[in-house]
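Here is a short note for your first look at this model. Please keep the structure open as you read the points.

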Amino acid sequence: MQFEIEIEKRLDGGGRSFALQARFAAEARALVLFGPSGSGKSLTLTALAGLLTPDAGRICVGGRVLFDASARVNLPARQRGVGYLFQDYALFPHLSVRKNVAFGLSGILRRPGREETARVDELLARFGLENLAGSLPRDLSGGQKQRVALARALAPRPSLLLLDEPFSALDIPLRTRLRAELKSLLAGLAIPLVLVTHDPEEAELFGQAFVVYDHGKVTRCFGFDEAAKEGKRPAELLAEAFAD
Amino acid sequence: MTPESILFPLTMTLRVSLLATAAALVLGVAMAALVERWTLPGRDALDSVLTLPLVLPPTVMGYYLLVVFGRRGVVGVWLKEVFGVSLIFTWQGAVLAATVVAFPLVYRSARAALEGVGRNLPDAARTLGASEAAVFLRVCLPLAARGIMAGTMLALARAMGEFGATLMVAGNLPGKTQTLSLAVYSAVQAGDDKTALILVGAISLVCVVVLTVAAKLVKPKY
């Protein structure tokens, strides 16, 4: 999937200001936005999803213009067809696991029909959630919450999946196990994804192309080939970028 | 003292306070949602104006209502011309007075409850394809429901005890607009201690029942 991103956003608040000036183009099935916290990578992700309106610039994904300030194009989040896995999973606490997963397939008055119910059943089965269908999010473990959030994001068949630091809410032993689990789940889905992380190993595990952020700017953008030319693994290059 | 002199104020109080609470609930939640989304300047001023009935003496609110809805008031004249009705010295006027006085209690708690929902969950709903109306009805409102209910119960209690604004707008007409709080005042003024005592007992009992039921409704579910 082709990503062309060129956005500017100024945020002021609490006496501090932050300027995001992200510019990159990449072609990859799996794109990783890498950088320390507060470098603007998560902000770029929310702009991609349509949850944040940039002050200027253009966002084009897979040939589709999602945002273009000069042409006054700004597709609302609900029309972007983008699945979003939030850092804290953002499960609806008042809805059961089944209703969380079905959320994107139902409306104010529209209940899920036969087709939608089958889709929800399929996702619950694929993510091993059948026995938890009636549970509320507060009764789930961290790993279960993540699977519910992923199933919910995938239910409306998005064309792109965004993952915002998917393991930061978990403790370290669980993180390693879930990383492998998520990797194998995603491998079976064949959906393009953008992942935000500050962990070089995690970046290498999921990514094909890597965008490095620092203080609101993109400092580097490379793939496995470029890393190999320098005789290094992507994780090593990313770790070096972090050390600078 | 006749049974009617107890029963009428009691049913009038229940009728007026329930209708006023329902109106305050709808208006309070609608205004809270509106102010939360308000991005133009003047938001804080609007917020203050909507809270005004909570801080102003009820007689002042009653006077405002007379100025607006009275015989020469802008809305009063319009109501008379278009519908041929006047709210002054009617029980509907008492509902109006109680609604205005109870409104800020719903409005304030609804604002706090809606703000407490945060940005993440509505954003999650948006990425799942929900329209702004669906975000509000399927996410914000259910999550804010407890806070809104708590404010609504306070509004009901406030409406049941309403005295000042009701007296100004609807008067104290026995058998027509007299609510319990007005009847207690009249009974004490007339030296009718027995009626006053029964009225006081009746309103206390009703309030305990209402508050107990309310506490059950407001219990957290998740």
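1. Start with D68(A). Its side chain makes a polar contact with the side chain of S70(A), at 2.9 Å. A second polar contact, at 3.3 Å, joins the side chain of D68(A) to that of R58(A). (A polar contact is a pair of N or O atoms within 3.5 Å; within protein, one must be able to donate a hydrogen and the other to accept it, and residues adjacent in sequence count only if both atoms are side-chain atoms.)

2. This is a predicted model: local features need pLDDT of at least 70, side-chain atom pairs count only at pLDDT 80 or more, and totals for chains, interfaces and linings use all residues. Residues are numbered from 1 along each chain as its sequence is written, chains are lettered from A and ligands numbered from 1 in the order written, and side-chain values use heavy atoms, leaving out hydrogens and water.

3. Where does D68(A) lie? It is in strand β5 (residues 64-68) of chain A. (Strands are DSSP runs of E, at least two residues; helices are runs of H or I, at least four; both are numbered from the N terminus.) D68(A) is buried, with a relative accessible area of 11%. (Buried means under 20%, exposed over 50%, partly exposed in between, with a 1.4 Å probe and protein chains only.) Not counting residues up to four places away in sequence, D68(A) touches G57(A), R58(A) and V73(A), with heavy atoms within 4.5 Å.

4. Next, the aromatic rings. The whole structure holds eight aromatic pairs over all chains. (Rings of Phe, Tyr and Trp, the last by its six-membered ring, pair if their centres lie within 6.5 Å; planes under 30 degrees apart are stacked, over 60 edge-to-face, the rest tilted.) The ring centres of F92(A) and F103(A) are 4.4 Å apart and their planes are at 35°, so this pair is tilted. F92(A) lies in the loop between β7 (82-85) and α2 of chain A, and F103(A) in the loop between α2 and α3 of chain A, so the pair ties together parts eleven residues apart in sequence. Both F92(A) and F103(A) are buried.

5. Look also at the aromatic cluster in chain A. F210(A), F222(A) and F224(A) form it together.
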